[in-house]
Amino acid sequence: MGGTFDPIHHGHLVAASEVQSWFDLDEVVFVPTGEPYQKAEREVSTAEHRYLMTVIATASNPRFTVSRVDVDRDGPTYTVDTLTDLHAQHPDADLYFITGADALSNILTWRDSEELFALAEFVGCTRPGYAMDASTLDGMPHDRVTIVEIPALAISSTDCRERTGRGEPVWYLVPDGVVQYISKHGLYARAHLDTTTREESA
Ligand SMILES: Nc1ncnc2c1ncn2[C@@H]1O[C@H](COP(=O)(O)OP(=O)(O)OP(=O)(O)O)[C@@H](O)[C@H]1O
Ligand SMILES: O=C(O)c1ccc[n+]([C@@H]2O[C@H](COP(=O)([O-])O)[C@@H](O)[C@H]2O)c1
C-alpha cells in the first residue's frame with residue numbers, strides 16, 4: 001500500500017487489513033512516498049517523519065511491514081519504480097497495489113500507467129466521499145483491478161493535520177503512538193493557519 005501517510009490513520013490501516021484478509025495475503029507492505037509530486041502544492045512532512053509514523057502504526061500487526069524503497073530513492077515518487085523495486089526484492093511474489101477510490105480514479109495520469117497493470121494487480125478500496133462505479137475503471141484492464149468494499153471511515157490525513165493545527169484531538173483517528181509522535185515533534189502546528197491563509201488569498 002503506497003501513501004504519503006502524513007500522518008498514517010485508521011482509514012489506511014483498515015483498508016490494508018481488509019485487503020489482506022480478502023486476498024489472504026502473506027504480507028502488506030506499507031510504502032511511504034519519498035517525494036509525492038502530485039501534492040507539490042502543499043507542505044509535506046519530511047519522509048523520515050512519515051516513515052517513522054508508519055512504522056509505529058504498523059508495528060503490532062505481524063503481517064504489516066514498511067518499505068523504504070520510495071523514501072530512499074531520489075526524485076519524485078512514481079509507482080512504476082515502487083513496483084519494479086518491490087518485484088526485484090520479492091521476485092516470486094504476486095504483487096497487489098492497494099489504493100483508495102480517489103487514488104484509483106487518477107491512475108491513468110500516473111507515469112507509465114500502461115506498464116503498471118503488468119507489474120501488479122490493483123485493489124481499489126471504497127472511501128467515503130469518493131464515488132466509484134464501473135466508469136471509474138474505464139481505460140483500465142478489468143482483469144487487473146478489483147474493487148473491495150471496506151468499512152467506511154471518513155478519516156483523511158488532511159483533516160488530521162487541520163485538527164492538530166486547531167488544537168483539536170486526533171485520538172482514535174490515528175493510532176495512539178502516532179498521536180504521541182505528532183505531539184513530541186510538534187507536527188502540523190501550523191496546518192490550520194496554512195489552510196486559512198490559502199483560503200483568504202484565494
Ligand atoms: N479513509 C480511507 N479509506 C480508504 N482509503 C483511504 C482512506 N484514506 C486514505 N486512503 C487511501 O490510502 C492511500 C494513501 O492515502 P494518503 O496517504 O494520501 O492519505 P489521505 O488521507 O488521502 O491524505 P491527504 O488528506 O493528505 O490527501 C490512497 O490510496 C488513499 O486513497
Ligand atoms: O506513479 C505516479 O505517477 C503516481 C502519482 C500519484 C500517486 N502515486 C502513488 O499513489 C499512492 C498514493 O499517493 P497519495 O499521493 O494519494 O498519498 C502512493 O504510493 C503514490 O506514490 C503515484
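Modeller: Helix 1 (residues 10-23) lies across strand 4, strand 5 and strand 6, where helices (H or I, at least four residues) and strands (E, at least two) are DSSP runs numbered from the N terminus. Helix 1 runs at about 140° to strand 4; axes are lines fitted to C-alpha atoms, for helices over the stretch in contact, and angles run from 0 to 180 degrees between N-to-C directions. Two residues are in contact if their C-beta atoms, placed from the backbone, lie within 7 Å.

This is a predicted model, in which local features need pLDDT of at least 70, side-chain atom pairs count only at pLDDT 80 or more, and totals for chains, interfaces and linings use all residues. Residues are numbered from 1 along each chain as its sequence is written, while chains are lettered from A and ligands numbered from 1 in the order in which they are written.

The three strands form an open sheet with the order 4-5-6 and parallel pairing; two strands pair if DSSP finds at least two bridges between them. Strand 4 (96-100) and strand 6 are the edge strands, each pairing on one side only. From one strand to the next, the twist averages 25°. Strands of a sheet pair through backbone hydrogen bonds, either parallel or antiparallel. Here, strand 4 and strand 5 (residues 121-125) pair in the parallel sense over 5 bridges, and Ile98 has Val123 in strand 5 as its bridge partner.

Ile155 touches His9, His10, Gly11 and Leu173, not counting residues up to four places away in sequence.
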